[in-house]
Amino acid sequence: MKLTGKKALITGGNSGIGLATARLFVAEGAEVAITGRDQKTLDEAVAELGPNVRGYRADVTVADDRKQLFADIAKDFGKLDVVFANAGISGRTPTGATDEAAFENIVRTNLNGAFFTINSAASLLNDNASIIFNGSVHNYMGQAGLAAYAATKGGVVSMARAIAADFAPRNIRVNVVAPGATKTP
């Protein structure tokens, strides 16, 4: 089991790609913290995943939620070996027909939320830890109507490079996964 003795945080771990990742991490021996905005799906995920998982209701876009989340993780887990900044949303933002609030909500969730998750986790990361961002193939594609989503996923790739340089002295790896189309709730 590759993750025996490791402690991991997965944002958005209550559904979709985050939940699938949590299943794998648990199967590989990790203790896992998952977050979600919806208490019902969070409780269901924790019940499914078993005793090596703790759930935390938190919205990565809300500073007070992040502050409480990392205070709770410090108390419950101590340090972290893996952070998967997975929480994100999609949404249509066609050029010429998108209001600023819709565009900014996607940016706030996918880019700002990812950065401030890692920013908040920095003091809890063990040396030699691993940071994983959830990117997308839309970073490279030009699909109509997805300007905000594509911009955030491209931003995550660039941001990951800079964060990798910040954490290089501590041997903390920073990677971006770029899944293709994935049916998620």
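N14 is buried, with a relative accessible area of 11%, where buried means under 20% relative accessible area, exposed over 50% and partly exposed in between, taken with a 1.4 Å probe on protein chains only. The structure is a predicted model, in which local features need pLDDT of at least 70 and side-chain atom pairs count only at pLDDT 80 or more, while totals for chains, interfaces and linings use all residues. Residues are numbered from 1 along each chain as its sequence is written, and side-chain values use heavy atoms, with hydrogens and water left out.

N14 sits in the loop that joins strand 1 (7-10) to helix 1 (16-27); helices (H or I, at least four residues) and strands (E, at least two) are DSSP runs, numbered from the N terminus. The side chain of N14 makes a polar contact with the side chain of T41 at 2.7 Å, a polar contact being a pair of N or O atoms within 3.5 Å, of which, within protein, one must be able to donate a hydrogen and the other to accept it, and residues adjacent in sequence count only if both atoms are side-chain atoms. Leaving aside its neighbours within four places in sequence, N14 is in contact (heavy atoms within 4.5 Å) with residues including L19, I34, D38 and A45.

**The sheet and the helices on it**

An open sheet is formed by 6 strands in the order 3-2-1-4-5-6, with parallel pairing, and two strands pair if DSSP finds at least two bridges between them. Strand 3 (53-57) and strand 6 (173-177) stand at the edges with a single partner strand each, so one side of each is left without a neighbour in the sheet. Neighbouring strands of this sheet are turned by 15 degrees against each other on average, direction ignored. Strand 1 and strand 2 (residues 31-36) pair in the parallel sense over 4 bridges; A8 stands opposite V32 in strand 2, and I10 stands opposite I34 in that strand. Helix 3 (residues 63-77) packs on the sheet and touches strand 1, strand 2, strand 3 and strand 4 (80-85). Because 5 of its 6 residues are buried, strand 2 is largely enclosed by the rest of the structure.

| Helix | Strand | Angle |
|---|---|---|
| Helix 3 (residues 63-77) | strand 3 | about 160 degrees |
| Helix 5 (residues 147-167) | strand 5 (125-134) | about 170 degrees |

**Helix 4**

Helix 4 (residues 100-121) has 22 residues and reaches 30 Å from its first C-alpha to its last, close to the 32 Å expected at 1.5 Å a residue, the expected span being 1.5 Å times one less than the number of residues. D99 caps the N-terminal end of helix 4, with a side-chain oxygen 3.3 Å from the backbone nitrogen of A101. Among the buried residues of helix 4 are I106, N110 and I118, and what covers the buried residues of this helix includes helix 3, strand 4, strand 5 and helix 5.

**Positive phi values**

N128, found in strand 5, has a phi near 70 degrees, a positive value in a residue other than glycine, and N128 is partly exposed, with a relative accessible area of 48%.

Terms used: Axes are lines fitted to C-alpha atoms, for helices over the stretch in contact, and angles run from 0 to 180 degrees between N-to-C directions.
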